[in-house]
Amino acid sequence: MPRVDADLKLDFKDVLLRPKRSSLKSRSEVDLVRTFTFRNSKQTFTGIPIIAANMDTVGTFEMAKTLSKHTLFTAIHKHYTLEDWKNFASTSPECLEHVAASSGSSQTDLGKLSSILEAIPLIKYICLDVANGYSEHFVEFVKTVHAKFPNHTIMAGNVVTGEMVEELILAGADIIKVGIGPGSVCTTRIKTGVGYPQLSAVIECADSAHGLKGHIISDGGCSCPGDVAKAFGAGADFVMLGGMFAGHDQCSGEVTEKNGKKVMLFYGMSSDTAMKKHAGGVAEYRYHT
């Protein structure tokens, strides 16, 4: 039987950071660069722990070229071809330490991911991204990918509870993506009734991950810089942004006019728009809008 969790759960909008005394004279003295060593891959990351989301309008090679100059990270979307990747690697090899190759959890996805990683050995990060990080199949898929690429750092998700964070870390993932339904264009909570307030999810998942020397990404729910600060304050190691990066020159969304102003199309990767673009249509078992 379902159980009602009546404990207080918080979103970013529900809290503020209480100020404290500081020895810093100016915000310009704040150092944003962090260094992490990952539990399973043993790799070390040094940079600003902000990640552009692996959405096809945001996680682009053009975005990576710009963000990597500032040591920010990009999760490249999974719809680029192997030839696209080879061209990017040959023209922008300096970006490769700050990008991840994304994949779903099908055998086709694994084959494509493997061909990219084998062709471009300088890529050391993998982003395994599925709609339901709670399936047994996904846990087994993480184990498979880790066994095949033990020296690669694996980002995996999305989940929102501590026990699943622990299971994915023990399966071989290093950084767990936390967030179900908080994204600015995500309709998961409306269509399925599934989700968890993002600030509470980050607090609980960070506690579980750090107990195992793992890391988490707060993925979704940030609509302003203050939300990013709250995510870090709640314990996130990385923060992934989609909507806050959308609409820039480095994005690949279609530009149209609305009320006399130019706007860029931006959508979730499980939306009707994405399904029609990449899967040839919306499957019968899925919700249709």
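H77, K78, H79, Y80, W85, S102, K112 and I116 line the largest cavity in this structure, which is a predicted model. The cavity has a volume of about 30 Å³. Searching the whole structure turns up one cavity of 30 Å³ or more.

**The cavity**

- Sorted by class, the residues lining the largest cavity are three nonpolar, three polar and two charged.

- Which helix gives the largest share of the lining? That's helix α8 (residues 225-233), with five residues.
- As for class, the lining of this pocket has 14 nonpolar residues, one polar and two charged.

**Helices α2 and α3**

- To describe two packed helices, you give the angle between their axes and the distance between those axes.
- Helix α2 covers residues 82-91 and helix α3 covers residues 107-119; they pack at an angle of about 25°, and their axes are 10 Å apart.
- Angles under 35 degrees count as roughly parallel, so α2 is roughly parallel to α3.
- Their crossing is right-handed.

**Helices α3 and α4**

- Helix α3 also has α4 as a partner: the two axes come within 12 Å and cross at roughly 25°.
- That angle is why α3 and α4 are roughly parallel to each other.
- Is the crossing of α3 and α4 left-handed or right-handed? It's right-handed.
- From α3, the contact uses L110, L113, S114 and E118; from α4, it uses F141, T144, V145 and K148.
- Split by class, this contact has four nonpolar, two polar and two charged residues.

**Helices α4 and α5**

- Moving along, helix α4 (residues 136-148) packs with helix α5 (residues 162-171) at an angle of about 30°, with the axes 8 Å apart.
- With that angle, α4 and α5 are therefore roughly parallel to each other.
- Here, too, you'll find a right-handed crossing.
- F138, V139, V142, K143 and H146 make the contact from α4, while M164, E167, L168 and A171 make it from α5.
- Six of these contact residues are nonpolar, one is polar and two are charged.

**Two backbone spots to look up**

- Which peptide bond is cis, with omega near 20°? It's the bond from G157 to N158.
- N158 belongs to strand β7, which covers residues 153-159.
- K42 has a phi near 70°, which is a positive value in a residue other than glycine.
- You'll find K42 in the loop between strands β1 (34-37) and β2 (44-47).

Technical notes: Residues are numbered from 1 along each chain as its sequence is written. This is a predicted model: local features need pLDDT of at least 70, side-chain atom pairs count only at pLDDT 80 or more; totals for chains, interfaces and linings use all residues. Side-chain values use heavy atoms; hydrogens and water are left out. On a 1 Å grid over the protein atoms alone, a cavity is a set of points where a 1.4 Å probe fits but cannot get out, and a pocket is an open set with protein on both sides within 12 Å along at least five of seven lines; lining residues have an atom within 4 Å of a point. Grid points are joined across faces, edges and corners, and a volume is the space filled by probe spheres set on the points. Ala, Val, Leu, Ile, Met, Phe, Trp, Tyr, Cys and Pro count as nonpolar, Asp, Glu, Lys and Arg as charged, and the others, Gly among them, as polar. Axes are lines fitted to C-alpha atoms, for helices over the stretch in contact, and angles run from 0 to 180 degrees between N-to-C directions. Helices (H or I, at least four residues) and strands (E, at least two) are DSSP runs, numbered from the N terminus. Angles under 35 degrees count as roughly parallel, over 145 as roughly antiparallel, 65 to 115 as roughly perpendicular and the rest as oblique. A crossing is left-handed if the near helix is turned anticlockwise from the far one by less than a right angle, and right-handed if clockwise. Contact means heavy atoms within 4.5 Å.
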